Amino acid sequence: MRSWINSTEFTTPDPIMSALTDVDAAFACPPLMVAIVFSVAYLLVGIPVHFTRGALARDVLGTLAGVFAALVYITWVLGFHANIHSPLR
């Protein structure tokens, strides 16, 4: 059985994802991008929910969508950005 800790795929980032992350990191500083990702997710979820369920549901579901989208973005940047991974020895 193969161990995840000793797996080379786990320690070596994908070159395509690293390139995409480098482009994204060059676009804006990470805190600004987290705020942008949060805002876009909040609006994409919050506006339709506001018309179907009301303002309270917009605030709750929009905030949840924004927080989870920002966490996914942070995980993506930390997982694939160059010079963050060091080889396990």
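## Basis of the model

This is a predicted model, in which local features need pLDDT of at least 70, side-chain atom pairs count only at pLDDT 80 or more, and totals for chains, interfaces and linings use all residues. Residues are numbered from 1 along each chain as its sequence is written, and side-chain values use heavy atoms, with hydrogens and water left out.

## Overall make-up

The protein has four helices and zero strands. Helices are DSSP runs of H or I with at least four residues, strands are runs of E with at least two, and both are numbered from the N terminus. From the N terminus on, the order is α-α-α-α.

Of the 89 residues, 19% count as buried. Buried means under 20% relative accessible area, exposed means over 50%, and partly exposed lies in between (1.4 Å probe, protein chains only). Take the contacts between residues at least 6 apart in sequence: 61% of them join residues at least 24 apart. A contact means heavy atoms within 4.5 Å.

Helix H2 holds 13 residues, 15-27. The expected span is 1.5 Å times one less than the number of residues.

Which residues of H2 are buried? They are Ser 18, Thr 21 and Asp 24. These three lie on the same side of H2, because they cover an arc of only 125° around the axis. The arc is that of the directions from the helix axis to the C-beta atoms. An α-helix has 3.6 residues a turn, so residues three or four places apart point the same way. On the other side of H2, Pro 15, Ile 16, Val 23, Ala 26 and Phe 27 are exposed.

## What packs on H2

The cover over the buried residues of H2 includes helix H3 (30-53) and helix H4 (55-80). H2 and H4 pack at an angle of about 115°, with axes 9 Å apart. Axes are lines fitted to C-alpha atoms, for helices over the stretch in contact, and angles run from 0 to 180 degrees between N-to-C directions.

H2 contributes Met 17, Ser 18, Leu 20, Thr 21 and Asp 24 to this contact. H4 contributes Tyr 73, Trp 76, Val 77 and Phe 80.

## Ala 65 in helix H4

Ala 65 sits in helix H4. Leaving aside neighbours within four places in sequence, Ala 65 is in contact with Ala 41 and Val 45. Ala 65 and Ala 41 are 24 residues apart along the chain, yet their C-alpha atoms are separated by 5.8 Å.
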